[in-house]
Amino acid sequence: MKDVTIPLKLISLLADGEFHSGEQFGAALGMSRAAINKHVQTVRDWGVDVFTVPGKGYRLHAPLQLLDEDAIRARLPSGRLAVLPVIDSTNQYLIERIGTLAPGDACVAEYQAQGRGRRGRQWISPFGNNLYLSLYWRLEQGPAAAGGLSLMVGIVMAEVLQRLGAEGVRVKWPNDLYLNDRKLAGILVEINGKAGDAAHVVIGAGINLAMREPAAGMIDQGWINLQEAGIVIDRNALVAELTATLRQALRQFEGEGFTPFVARWQALDNFFDRPVKLLIGDREIRGIARGIDAQGALLLEQDGERHAYLGGEISLRGL
């Protein structure tokens with residue numbers, strides 16, 4: 001990856017949301033106005049909304065709260081967590097280092113150039129506006145012990161966000177968070193391991209905190225961010241709280257499986273008792289969502305009978 005030192009310095013100068021002249025940047029960074037413009041374009045390519053006003057200079061649409069490793073560590077005294085500015089993917093960062101990781105090791109980034117969602121989709125990841133966090137865990141019982149894991153992560157994330165002030169956050173089966181019936185966050189769980197061997201699990205979480213419309217041109221579904229909903233959460237506090245709570249929940253999950261989490265799902269279920277459409281490949285299955293069973297399967301009521309489904313995803317489109 002190319003050297004990003006200058007663009008990162010520009011962002012740190014712009015983060016206060018005030019105007020900064022080209023002369024200020026030139027003096028601070030020791031370069032010409034033309035060179036500054038080139039680096040400003042890199043910052044814009046990362047999804048940062050930099051605008052210019054003749055005679056005033058450069059400014060962000062709104063101040064940015066940048067990740068602060070010291071502030072995070074003050075709230076998270078134990079365990080390893082890498083704070084990264086620009087990266088391809090937080091999940092990939094951990095996957096490439098699995099041989100050196102301990103359970104609970106995590107990383108968080110300001111920007112992902114190749115953020116991943118489920119089913120090969122891209123996860124739009126503008127710099128400094130959202131939360132991109134990945135965490136590693138090792139399940140000694142193997143891949144078969146991971147049943148319900150993505151649902152457990154969703155429960156934990158929703159509960160953490162509620163504690164920090166986002167009271168309306170709900171879960172969507174199998175691994176999204178919703179707010180006001182729109183997507184707020186997604187979860188990507190990647191598991192490596194053979195039957196009989198330990199499973200290496202990388203959990204990725206992306207949460208929309210303050211993403212603006214220009215960064216979302218490739219998103220093909222209704223989405224929302226916390227700022228739009230009038231909710232402000234300290235990014236560094238969220239990183240620490242989510243990491244610590246996930247580590248604790250994963251220890252419980254490893255010992256007791258998904259069972260302790262089943263009852264917590266219903267209180268958070270955004271679609272409980274609502275008509276939904278389940279998409280499994282080319283199939284569309286319509287029914288009334290009735291929560292989940294003990295294995296984390298979706299329960300759909302059809303013609304008075306309940307059926308359990310472990311695959312697919314819920315959609316409201318066309319209902």
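Leaving aside its neighbours within four places in sequence, with which residues is Thr243 in contact? The tour below reaches that residue after a view of the whole chain. Please note that the model is predicted.

**The whole chain**

Begin with the entire chain displayed as a cartoon. Eight helices and 14 strands can be found in it. The C-alpha trace spans about 70 × 45 × 35 Å along its principal axes. A compact globule of 319 residues would have a radius of gyration near 20 Å, and the 21 Å of this chain agrees with that. Next, switch to a surface view. The chain exposes about 14,700 Å², of which carbon and sulfur atoms supply 48%. Of the 319 residues, 50% count as buried. Among contacts in the chain with a separation of 6 or more, 65% are between residues 24 or more positions apart.

**The sheet of seven strands**

Now select strands E3 to E9. They form an open sheet with mixed pairing, in the order E3-E4-E5-E9-E8-E7-E6. Strand E3 (81–87) and strand E6 (170–172) stand at the edges; each has a single partner strand, so one side of each is left without a neighbour in the sheet. From one strand to the next, the twist averages 25°. Strands of a sheet pair through backbone hydrogen bonds, either parallel or antiparallel.

Within this sheet, select residues 131–139 and 199–207. These are strands E5 and E9, which run antiparallel and are joined by nine bridges. At Tyr132, look across to E9: the residue standing opposite is Gly206.

**Thr243 in helix H7**

Select residues 235–256, which make up helix H7, and locate Thr243 within them. Is this residue buried or exposed? Thr243 counts as buried because its relative accessibility is 0%, and the cut-off for buried is under 20%. The opening question can now be answered: Thr243 is in contact with Leu76, Leu81, Ala106, Leu133 and Leu135, neighbours within four places in sequence being left aside.

**The nonpolar cores**

Show the side chains of Met152, Met157, Leu161, Ile207 and Leu226. In the largest nonpolar core, which has 64 residues, these five touch the most other members. Helix H6 (residues 149–163) gives the most to this core, with 10 residues. Centre the view on Ile207. Not counting residues up to four places away in sequence, Ile207 touches Asn130, Leu131, Met157, Leu161, Leu184, Ala185, Leu238 and Leu242. Another core, of 20 residues, lies apart from the largest one; Ile36, Val48, Val50 and Tyr58 are among its members.

**Pro143 in a loop**

Move to the loop between E5 and H6, where Pro143 is placed. Pro143 counts as partly exposed because its relative accessibility is 28%. With residues up to four places away in sequence not counted, Pro143 touches Ile191, Gly193, Lys194, Asp197 and Ala199.

**The sheet of five strands**

Finally, select strands E10 to E14. They form an open sheet with antiparallel pairing, in the order E13-E12-E11-E10-E14. Strand E13 (305–309) and strand E14 (313–315) stand at the edges, each with a single partner strand, so one side of each lacks a neighbour in the sheet. Neighbouring strands of this sheet are turned by 50° against each other on average, direction ignored. To end the tour, select residues 283–292 and 298–302, which are the antiparallel strands E11 and E12, joined by three bridges. Here Ile288 stands opposite Glu301 in E12.

Conventions. Residues are numbered from 1 along each chain as its sequence is written. This is a predicted model: local features need pLDDT of at least 70, side-chain atom pairs count only at pLDDT 80 or more; totals for chains, interfaces and linings use all residues. Side-chain values use heavy atoms; hydrogens and water are left out. Two strands pair if DSSP finds at least two bridges between them. Helices (H or I, at least four residues) and strands (E, at least two) are DSSP runs, numbered from the N terminus. Axes are lines fitted to C-alpha atoms, for helices over the stretch in contact, and angles run from 0 to 180 degrees between N-to-C directions. Buried means under 20% relative accessible area, exposed over 50%, partly exposed in between (1.4 Å probe, protein chains only). Contact means heavy atoms within 4.5 Å. A nonpolar core is a set of buried Ala, Val, Leu, Ile, Met, Phe, Trp, Tyr and Cys residues joined through side-chain atoms within 4.5 Å. The radius of gyration is taken over C-alpha atoms; the globule rule is 2.2 Å times the number of residues to the power 0.38. Accessible areas come from the Shrake-Rupley method with a 1.4 Å probe; for residues, only the protein chains shown count as cover.
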